[in-house]
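Reader: I have a few minutes before my next run. Can you walk me through this fold?

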Amino acid sequence: MTVIREVDLSQPLAPLVDLPPGRCMLVFRWGRRVIGRAFAHANAGTIGPAELEALAASSLDPAALRSWLDARLGYDDRLVVEPRPLTATVAICTHERPEDLRRALTALRALQPAPLETLVIDNAPASEATRRVVESFPDVRYIHEPERGLNVARNHALRVARGDVVAFVDDDAVPEPEWLDGLMPNFQSPRVVCVTGLTLPIALDTEAQELFESHCTFVRGFRRRVFDGQIDNPLAVGPVGAGANMAVLREAALRLGGFDERLDGGRPTRSGGDHEMFTRMLRTGNRIVYDPAAVVWHRHRRTMEELRETVYGYGVGVYAMWTGLLLEARELGVLKLAWSWFRHSQWRALLPGGPTTRAARALAREEIRGCLHGPRAWLAARNAQRSKA
């Protein structure tokens with residue numbers, strides 16, 4: 001078990017007390033902005049100010065100094081002289097997770113600024129549980145989508161949303177009150193059609209949750225980055241972010257044809273729908289911003305069985321997406337990416353006696369097994385889509 005504690009470095013440091021023995025994840029903030037994190041052991045139940053200061057000094061990178069300087073000067077490089085008046089729709093695509101959904105909707109009530117509207121897309125429901133949860137939130141619009149598929153639900157949200165921007169958050173994630181304020185200013189910049197944010201674990205109570213965070217974390221760093229399709233490799237979108245915390249310019253996403261409904265949850269491909277959209281956006285010369293000012297907290301899978309299924313699905317989705325790019329867009333660069341990923345990450349994770357644990361090696365095997373299934377899954381999804389048409 002890893003305890004999670006937040007430390008505001010803009011205030012005088014106080015000791016962290018009454019910590020259970022074991023590992024602690026320290027999330028460092030400067031005011032409301034998350035600027036880094038560190039892992040420490042609290043075997044004595046306390047981490048004093050001097051140790052906190054030393055951990056911050058050893059773990060924070062230059063981006064933290066930039067955040068501190070921006071805060072002191074009141075500078076925000078996202079703002080422009082004549083901002084466009086943009087509105088936001090928040091959308092949650094869900095399938096039979098009523099308790100997670102209730103927690104997410106409760107968090108959305110606290111958003112400042114509030115969105116124009118909040119949508120819940122109930123994807124191929126097997127019960128009335130989701131509808132009943134939404135009925136207890138009268139300001140939330142319930143939408144029934146009978147066809148199974150996460151990207152099907154995302155596209156439904158794009159079609160019915162009234163906001164200029166559609167901000168997607170997973171049903172098992174909890175946005176901070178300033179989440180939209182972290183996303184929306186980025187859309188003032190020319191050619192920005194998508195913004196992703198920082199996704200942290202809401203709990204690391206089980207071995208599976210700790211393994212997820214070490215093996216396939218959603219954290220993409222603590223500095224704002226702009227990915228430009230005219231400069232950056234549009235195929236290498238891992239650092240861009242994840243669909244659990246993602247906002248898109250509605251009209252731009254629709255012009256691109258929406259999300260590829262052959263990909264992601266509820267399809268044989270299992271995942272990859274967000275990354276395929278990122279690639280398409282960058283290939284057409286647009287920009288995507290990763291801004292850690294937009295923070296959500298994600299509930300990782302609690303059991304090893306759930307974790308293995310998740311990691312397997314990630315492998316399937318990545319190689320399914322690459323298969324589509326290879327066969328339809330003739331993107332030979334995916335072959336180089338696949339080899340680089342195997343050589344520099346997956347192969348090393350498999351080596352016995354290496355830096356990884358037995359459990360981590362088992363996860364790496366699940367991921368590779370998913371990768372090997374990815375091309376066949378994409379072909380199956382493509383054939384199913386053709387037969388539906």
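**An aromatic cluster and its surroundings**

Author: Start with phenylalanine 218: its relative accessible area is 10%, so this residue is buried. Keep in mind that this is a predicted model.

Reader: Which ring does phenylalanine 218 pair with, and at what angle?

Author: Phenylalanine 212. The ring centres are 5.4 Å apart and the planes sit at 70°, so the pair is edge-to-face.

Reader: Is phenylalanine 212 buried or exposed?

Author: Buried. Its relative accessible area is 2%.

Reader: Which residues do ring pairs link into a cluster there?

Author: Phe212, Phe218 and Tyr314. The structure holds eight aromatic pairs.

Reader: Let's move to α12. How do the axes of α11 and α12 cross?

Author: At roughly 135°, and they come within 7 Å. The two helices are therefore oblique to each other.

Reader: Which residues make that contact?

Author: From α11, Trp341, Phe342, Gln346, Ala349 and Leu350. From α12, Arg361, Ala364, Arg365, Glu367, Ile368 and Cys371.

Reader: How do those residues divide by nonpolar, polar and charged?

Author: Seven are nonpolar, one is polar and three are charged.

Reader: How far is arginine 386 from aspartate 228?

Author: They are 33 Å apart in space, C-alpha to C-alpha, and 158 residues apart in sequence.

Reader: New topic. How many residues are in the largest nonpolar core?

Author: It has 67 residues. Leu105, Phe168, Trp179 and Val248 have the most contacts inside it. Strand β12, residues 287-298, gives the most to this core, with seven residues.

Reader: Where is the second core, and how many residues does it have?

Author: It is separate and has 16 residues, including Cys24, Phe28, Leu52 and Ala64.

Reader: Back to tryptophan 179. What does it touch?

Author: Leaving out residues up to four places away in sequence, tryptophan 179 touches Val90, Leu108, Leu111, Ala167, Phe168, Val169, Asn245, Ala294, Val295 and Val296.

Technical notes
Residues numbered from 1 in each chain as written. Predicted model: local features only at pLDDT ≥ 70, side-chain atom pairs only at ≥ 80, totals over all residues. Heavy atoms only, no water. Axes fitted to C-alpha atoms, helices over the stretch in contact; angles between N-to-C directions. Helix = DSSP H or I, 4+ residues; strand = E, 2+ residues; numbered from the N terminus. Parallel < 35°, antiparallel > 145°, perpendicular 65-115°, else oblique. Contact = heavy atoms within 4.5 Å. Nonpolar A, V, L, I, M, F, W, Y, C, P; charged D, E, K, R; others polar. Core = buried A, V, L, I, M, F, W, Y, C linked by side-chain atoms within 4.5 Å. Buried < 20%, exposed > 50% of the residue type's maximum accessible area, 1.4 Å probe, protein only. Phe/Tyr/Trp six-rings, centres within 6.5 Å; stacked < 30°, edge-to-face > 60°.
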